[in-house]
Amino acid sequence: MHHPPMPPERVLARRRAIGDRARIARLHAGLTQEAVALRAGIRIATYSEIEQGHRAALIDTLIRIADAIGVSLADLVRDDAPEG
């Protein structure tokens, strides 16, 4: 089975940051991973992997997760990385 190459570390770091923001927003909203996954229409395992930064998410999935948590998409994907 052919696997695509791993993304560069800067991409992985941003993926983890998105997952961290999703987790923080989810906890702030008082939701479980299961509740977010059910509301977003995705598997719990998929949501968990996204939150942990182990899985890349399609933009459509991120929109559904943001809606499920009750935050804006921008809140999840904002780029706090320094310019340069």
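These legends describe an overall view and several close-ups of one predicted model.

The model is predicted: local features need pLDDT of at least 70, side-chain atom pairs count only at pLDDT 80 or more, and totals for chains, interfaces and linings use all residues. Residues are numbered from 1 along each chain as its sequence is written, and side-chain values use heavy atoms, with hydrogens and water left out.

Figure 1. From the N terminus, the elements run α-α-α-α-α. The radius of gyration is 13 Å, close to the 12 Å that the globule rule gives for 84 residues, so the protein is as compact as a globular protein of that length. That radius is taken over C-alpha atoms, and the rule is 2.2 Å times the number of residues to the power 0.38. The C-alpha trace spans about 40 × 35 × 20 Å along its principal axes. Helices (H or I, at least four residues) and strands (E, at least two) are DSSP runs, numbered from the N terminus.

Figure 2. The accessible surface comes to about 5700 Å². Carbon and sulfur atoms hold 57% of that surface. Areas come from the Shrake-Rupley method with a 1.4 Å probe; for residues, only the protein chains shown count as cover. Of the 84 residues, 31% are buried. Buried means under 20% relative accessible area, exposed over 50%, and partly exposed in between (1.4 Å probe, protein chains only). Among contacts with a separation of 6 or more, 51% join residues 24 or more positions apart. A contact means heavy atoms within 4.5 Å. The mean positions of the 12 positive and 11 negative charges are 3 Å apart. Lys and Arg count as positive, Asp and Glu as negative; His and the chain ends are not counted. Each charge is placed at NZ of Lys, CZ of Arg, CG of Asp or CD of Glu.

**Figure 3. Helix H4 covers residues 59–69.** Its buried residues are Thr61, Leu62, Ile65, Ala66, Ala68 and Ile69. Seen down the axis of H4, they fall within an arc of 160 degrees, so they line one face of the helix. The arc is that of the directions from the helix axis to the C-beta atoms. These buried residues pack against helix H1 (9–28), helix H2 (33–40), helix H3 (44–51) and helix H5 (73–77). Just after H4, Gly70 takes a positive phi of about 95 degrees.

**Figure 4. Thr61 and Ile59 both belong to H4.** Thr61 counts as buried, because its relative accessibility is 13%. Leaving out residues up to four places away in sequence, Thr61 touches Ile42 and Ile50. Ile59 is partly exposed, with a relative accessible area of 47%. Ile59 and Val77 are 18 residues apart in sequence, and their C-alpha atoms are 9.9 Å apart.

**Figure 5. Helix H3 and its cover.** The buried residues of H3 are Thr46, Tyr47, Ser48, Ile50 and Glu51. Their cover includes H1, H2 and H4.

**Figure 6. Ile18 sits in helix H1.** Leaving out residues up to four places away in sequence, Ile18 touches Leu62, Leu76 and Val77. The C-alpha atoms of Ile18 and Ala57 are separated by 9.8 Å. Along the chain, Ile18 and Ala57 are 39 residues apart.
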